[in-house]
Amino acid sequence: METNILILYYSMFGNTYKMAIEIAEGIREAGGNPILRKVPDLLPDEVVEKNEGIKKGREIQKDVPVATLSDLENKDGYIFGSPTRYGNMCSQLRNFLDQTGYLWAKNEFVGKPVGLFTSSQTIHGGQETTLINMMVNMLHYGMIIVGVPYELKNLQTTKSGGTPYGASHVTFGDTFKELDDDEKTICRYLGKRVTEIAKKLKTGE
Ligand SMILES: Cc1cc2nc3c(=O)[nH]c(=O)nc-3n(C[C@H](O)[C@H](O)[C@H](O)COP(=O)(O)O)c2cc1C
């Protein structure tokens, strides 16, 4: 019996996408099946055309399917990712989640595990508030929030991303900064942990 975990995210420049790739690896390590989807963009074409960074970000994620609402149904676990926007999730992800009232009404997400991740430019620029703000939606869905416990040593020593509320990445102003080893480990750990908990909840063991 496969454990299907949906990774649903938005990424303008590709940083949140890079995290999603590591999280998918963690899901596989735990024997799960990662399903990667990006939410539809809301940016007008003229904004994209003028910005080489956005074009590059789109190019690296061109093979990821755009999510439809049906992707949210019948999954064993969920991991949602967004860039930090003024300490909150981006409008693209919120817009998508704002279309899910009918899924909420039929208790689609009740009792399902969910993990969260975010990418920000600055280390104290609102990663934690973004993750916590995203949690409010998840609690309305009736989901079981899966964080990152301090048993993972990288959480103690990281000089970049990684929080007990979820995985994170800091670009320090370099739009295309690669994830460092701590950030990668924390992303993989989150993917693994959501999968392991999803398996237990599914089988009741
Ligand atoms: C409108 C807007 C608001 C942002 N707000 C914040 C912020 O509050 N704190 C921060 O550290 N970075 C902020 N950023 C920077 C992004 O979070 C950062 O570039 C992130 O790594 C982008 O991820 P992406 O490449 O997946 O789109 C903001 C960027 C934009 C465009």
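This is a predicted model: local features need pLDDT of at least 70, side-chain atom pairs count only at pLDDT 80 or more; totals for chains, interfaces and linings use all residues.
Residues are numbered from 1 along each chain as its sequence is written.

Along the sequence the elements follow the pattern β-α-β-α-α-β-α-α-β-α-β-α-β-α. The C-alpha trace spans about 50 × 40 × 30 Å along its principal axes. The radius of gyration, taken over C-alpha atoms, is compared with a globule rule of 2.2 Å times the number of residues to the power 0.38. For 205 residues a compact globule would have a value near 17 Å, and the 16 Å of the protein chain agrees with this. Of the contacts with a separation of 6 or more, 80% are between residues 24 or more positions apart, where a contact means C-beta atoms, placed from the backbone, within 7 Å.

Buried residues make up 46% of the 205 residues. A residue is buried if 20 or more other C-beta atoms lie within 10 Å of its own, exposed if 12 or fewer, and partly exposed in between. In β4 (113-120), eight of eight residues are buried. P113, G115, F117 and S119 point one way from β4, whereas V114, L116, T118 and S120 point the other way.

Strands are said to pair if DSSP finds at least two bridges between them. β4 pairs with β3 in the parallel sense over six bridges, and the bridge partner of G81 in β4 is F117. Two bridges join β4 to β5 (residues 144-145), also in parallel. Four bridges link β4 with β6 (residues 167-170), again in the parallel sense; there S120 has V170 as its bridge partner.

In soluble globular proteins, nonpolar side chains tend to be buried together. A nonpolar core is a set of buried Ala, Val, Leu, Ile, Met, Phe, Trp, Tyr and Cys residues joined through C-beta atoms within 7 Å. The largest such core has 46 residues, of which I7, I23, I79, F80 and L190 touch the most other members. Elements that each supply at least two residues include β1 (4-9), β3 (77-83) and α6 (127-141). The largest share, seven residues, comes from α8. Beyond its neighbours within four places in sequence, I79 is in contact with residues including I5, V114, F117 and V194.

The shell around the ligand comprises 19 residues, and M12, F13, T16, P83 and G125 come nearest; a residue is near if its C-beta atom, placed from the backbone, lies within 6 Å. Both α1 (15-29) and β4 supply at least two residues of this shell. Four shell residues are nonpolar, 14 polar and one charged, with Ala, Val, Leu, Ile, Met, Phe, Trp, Tyr, Cys and Pro counted as nonpolar, Asp, Glu, Lys and Arg as charged, and the others, Gly among them, as polar.

G126 lies in the loop between β4 and α6. This residue is partly exposed because 18 other C-beta atoms lie within 10 Å. G126 and G87 are 39 residues apart in sequence, but their C-alpha atoms are 4.2 Å apart in space.

Note on methods:
Two residues are in contact if their C-beta atoms, placed from the backbone, lie within 7 Å.
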